[in-house]
Amino acid sequence: MKTSVLTLAAVAATALTGPAFADKLDDIISSGTLRCAVVLDFPPMGSRDADNNPQGFDVDYCNDLAAALGVTAEVVETTFPERIPALVSGQVDVAVASTSDTLERAKTVGFTIPYYAFENAVTANEGVEMSTWEDLKGKTVGATAGTYEAIWLEGKVKEWGEGEFRPYQNQADVFLALSQGQLDATVSTVEVAEANVDSGNFPGIKIVDKAPMVPDYVALIALREDQGLINYMNLFINQQVRTGRYAELYAKWVGEGEPASLVIPGVYR
Amino acid sequence: MFDTALTANDFLFLAKGAGMTIFVTVIAVFFGTVLGIIFGVIRYQIGPVWAAPITFVLDIFRSIPLLIQLVLAYAFLGTVLRLGLSGLTVACIVLTLYTSAYCAEIVRGGIEAVPLTLRRASRSLGMTWGQDMRNIVMPLATRVALPSWIGLALGVMKDSALVYVVQVTELLKSTQILITRLQEPLLLLMICGAFYFLISFPVARFGGYLEKRWSND
């Protein structure tokens with residue numbers, strides 16, 4: 001009787017302490033699979049190829065992380081609102097899903113250092129003489145009404161006191177107007193600008209410069225308490241930049257040019 | 001309208017999704033029916049008072065939306081018990097229990113529809129309980145229960161669309177993936193609807209055929 005109670009106690013103790021010692025990083029390595037939440041309707045970060053397999057910057061990033069851990073990657077498709085619930089309910093281990101590192105979200109989940117930053121680019125009609133973003137001064141510019149870049153552009157036009165700002169209903173209208181010469185220049189995210197220039201639907205436009213707006217920094221997320229995993233991923237992101245893989249993925253999915261700097265000037269981390 | 005970016009490859013992808021829908025449905029309906037018969041017979045046999053615990057559990061499966069059952073079961077089995085089951089396994093387990101809860105009611109209703117006097121007569125002829133169940137109750141109850149059971153099977157087939165929440169890519173999820181990529185929702189939803197129809201129509205017709213055949217003898 002005594003032994004069975006002791007055995008029972010030992011079993012109970014192992015059951016209780018077992019999960020507490022092995023942290024998430026150990027769990028991932030021992031399970032042999034890294035489950036990443038990726039948003040697959042957000043090209044070029046995540047989409048599906050002609051065979052309906054996941055592809056994109058985030059998908060490659062997840063595969064790289066899995067390779068670094070020595071496990072296989074499993075891409076779990078989520079939508080933007082489902083990213084954090086999927087993580088919290090244990091359906092995924094990490095989210096590689098272009099998540100902006102807001103303080104509000106950091107109350108729920110743990111963020112790594114930024115692994116990508118969405119910058120804004122100035123795109124101009126080829127017939128317009130422009131070399132830097134400051135040449136926007138005095139030009140006829142436009143953007144999709146109500147967006148972050150439209151508010152910034154309109155503010156600049158007001159500040160300069162010359163030139164004209166025209167709001168449009170959607171992004172396609174802006175680029176059509178730009179291609180037809182109704183607009184001299186516009187500002188949009190680099191990814192949208194690259195995609196529109198590459199698509200060939202809007203002839204006669206070129207990317208001039210990056211706009212000096214604060215980039216939208218995005219980070220990998222894991223559960224808040226999984227500090228060991230977050231620590232590992234911070235180093236992983238550092239290595240991705242150091243080894244040139246970051247620039248390689250940028251060239252593969254976004255386009256030519258320098259990828260956004262992940263260093264925020266004037267502050268640690 | 002016929003100018004579409006849909007390729008043969010995508011059709012194959014949809015067919016794979018349809019295959020998954022059929023697989024999950026067949027598993028759930030088969031095991032759900034077996035469990036449903038067991039639960040239904042037990043409930044009838046031991047009376048409403050003693051069966052209260054079973055009734056209560058089955059009522060839980062019938063009253064909580066399937067979507068919530070799937071998410072909670074996946075989170076519980078995966079995060080709390082750390083069983084490491086695949087989404088497909090969880091989907092099959094939950095859908096089976098869900099089916100069995102409905103099936104138990106159908107079975108109970110079927111058994112209750114057999115006149116008690118007839119069963120007493122069979123026992124008076126010296127039949128054992130098992131013989132009575134097999135030779136008297138089962139043939140009669142099956143006839144009564146068949147239409148509801150066919151309805152249940154078709155319902156489960158359509159409800160299986162919800163297993164996408166546990167990462168099972170069945171027919172509707174495959175369609176949504178294609179819609180996201182090709183931006184042709186109307187065409188794709190029509191194709192998806194046609195697939196569902198192709199799966200359920202034969203089942204419904206087979207049910208009708210059995211009903212007709214059995215009603216003659």
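A residue counts as buried if 20 or more other C-beta atoms lie within 10 Å of its own. By this count, buried residues make up 33% of the 217 residues in chain B. The model described here is predicted.

**Chain B as a whole**

Chain B has 8 helices and 0 strands, and along the sequence its pattern reads α-α-α-α-α-α-α-α. The C-alpha trace of chain B spans about 70 × 50 × 20 Å along its principal axes. Among contacts in chain B with a separation of 6 or more, 78% are between residues 24 or more positions apart.

Helix α2 of chain B covers residues 52-63 and has 12 residues. From its first C-alpha to its last, α2(B) reaches 16 Å, close to the 16 Å expected at 1.5 Å a residue. Is this helix buried, or does it lie largely in the open? Of the 12 residues of α2(B), the number buried is 1, so the helix lies largely in the open.

F23(B) is found in helix α1 of chain B. This residue has 16 other C-beta atoms within 10 Å. A residue is buried at 20 or more and exposed at 12 or fewer, so F23(B) is partly exposed. In sequence, F23(B) and I179(B) are 156 residues apart, and in space they are 23 Å apart, C-alpha to C-alpha.

**Where chain B touches chain A**

In the contact between the chains, 13 residues of chain B meet 12 residues of chain A. On the side of chain B that touches chain A, the elements giving two or more residues are α1, α3 and α7 of chain B. Helix α3(B) gives the largest share of that side, 5 residues. The residues on this side of chain B divide by kind as follows.

| Kind of residue | Number on the side of chain B that touches chain A |
|---|---|
| nonpolar | 5 residues |
| polar | 6 residues |

**Chain A**

The domain assignment of chain A gives domain 1 (21-118 + 216-253) and domain 2 (119-214). The centres of domain 1 and domain 2 of chain A, taken over C-alpha atoms, are separated by 31 Å.

Strand β7 (residues 140-144) of chain A pairs with strand β8 (residues 164-168) of chain A. In which sense do they pair, and over how many bridges? The pairing is in the parallel sense, over 5 bridges. Within it, G142(A) stands opposite R166(A) in β8(A). Between these strands, the chain crosses from β7(A) to β8(A) through helix α6 (residues 148-160) of chain A. This β-α-β crossover is right-handed.

Conventions. Residues are numbered from 1 along each chain as its sequence is written. Chains are lettered from A and ligands numbered from 1 in the order in which they are written. This is a predicted model: local features need pLDDT of at least 70, side-chain atom pairs count only at pLDDT 80 or more; totals for chains, interfaces and linings use all residues. Two strands pair if DSSP finds at least two bridges between them. Helices (H or I, at least four residues) and strands (E, at least two) are DSSP runs, numbered from the N terminus. A crossover is right-handed if, with the strands pointing away from the viewer, the path from the first strand over the helix to the second runs clockwise. The expected span of a helix is 1.5 Å times one less than its number of residues. Two residues are in contact if their C-beta atoms, placed from the backbone, lie within 7 Å. Ala, Val, Leu, Ile, Met, Phe, Trp, Tyr, Cys and Pro count as nonpolar, Asp, Glu, Lys and Arg as charged, and the others, Gly among them, as polar. Domain bounds come from an automatic or database domain assignment.
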